[in-house]
Amino acid sequence: MIIIKRLPEFLLLGVGLTLQLFVTAVLLISLLFATVSAQLPLPGVGTQAFAWFVFAVHLIGLILVIITTLHIKKSARKAGLRLLIIGAIMLIVTLGATLIQSVLFIVAGVLFMVRLQDRVPSTVAGSA
C-alpha cells in the first residue's frame with residue numbers, strides 16, 4: 001500500500017534508477033571497449049581516468065539508491081534525506097555528468113521528506 005500512496009515519488013525514483021542503470025552499463029561497455037582496444041584510446045591524458053572515476057561514482061550511487069529504496073518502508077523521511085544527499089554528491093562529484101538522475105533523486109527525496117504518510121483528519125475536542 002505504501003507504493004500506491006507515494007506513486008509520484010516511486011515513479012521518479014524508478015525512472016532515475018532505470019536511467020542510472022542504463023548509463024552505468026553503457027559506461028562500463030564503452031570503457032572496457034576503449035581500454036581493451038589499442039586502436040581507440042580515449043583522447044587526453046586524464047580523460048580515461050576521469051571516465052573510470054565517473055563510472056565508479058555511477059556504480060556507487062546506483063548501489064546506494066537501491067539500498068535506500070529498500071529502506072523507504074522503515075522511514076520515508078530518512079530515505080528522502082539520503083536521496084537528497086546521494087543526488088547532490090553525485091551531481092557535484094561528476095561535474096554534472098549525472099544531471100538528470102541526480103535531479104530525479106533530489107526531487108523524489110524532497111517529496112519523500114515533505115509529504116505526510118497518513119493524513120489524519122483533525123477532530124474538534126468534544127464533538128462526537
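Predicted model: local features only at pLDDT ≥ 70, side-chain atom pairs only at ≥ 80, totals over all residues.
Residues are numbered from 1 along each chain as its sequence is written, and side-chain values use heavy atoms, with hydrogens and water left out.

**Exercise 1.** Determine how helix α4 and helix α5 pack.

Step 1. Helix α4 (residues 76-93) and helix α5 (residues 99-114) have axes 7 Å apart and pack at an angle of about 160° (helices are DSSP runs of H or I, at least four residues, numbered from the N terminus; axes are lines fitted to C-alpha atoms over the stretch in contact, with angles from 0 to 180 degrees between N-to-C directions).

Step 2. That angle makes α4 roughly antiparallel to α5, a term for angles over 145 degrees.

Step 3. Contact (heavy atoms within 4.5 Å) involves residues of α4 including G80, L84 and G87, and residues of α5 including F105, G109 and F112. The residues of this contact divide into 14 nonpolar, four polar and one charged.

**Exercise 2.** Determine how helix α2 and helix α3 pack.

Step 1. The axes of α2 (residues 7-36) and α3 (residues 47-70) come within 9 Å and cross at roughly 150°.

Step 2. Accordingly, α2 is roughly antiparallel to α3.

Step 3. Among the residues that meet are L17, L28 and T35 in α2 and W52, F55 and I66 in α3. The contact of α2 with α3 divides into 17 nonpolar, seven polar and no charged residues.

Key. Helix = DSSP H or I, 4+ residues; strand = E, 2+ residues; numbered from the N terminus. Parallel < 35°, antiparallel > 145°, perpendicular 65-115°, else oblique. Nonpolar A, V, L, I, M, F, W, Y, C, P; charged D, E, K, R; others polar.
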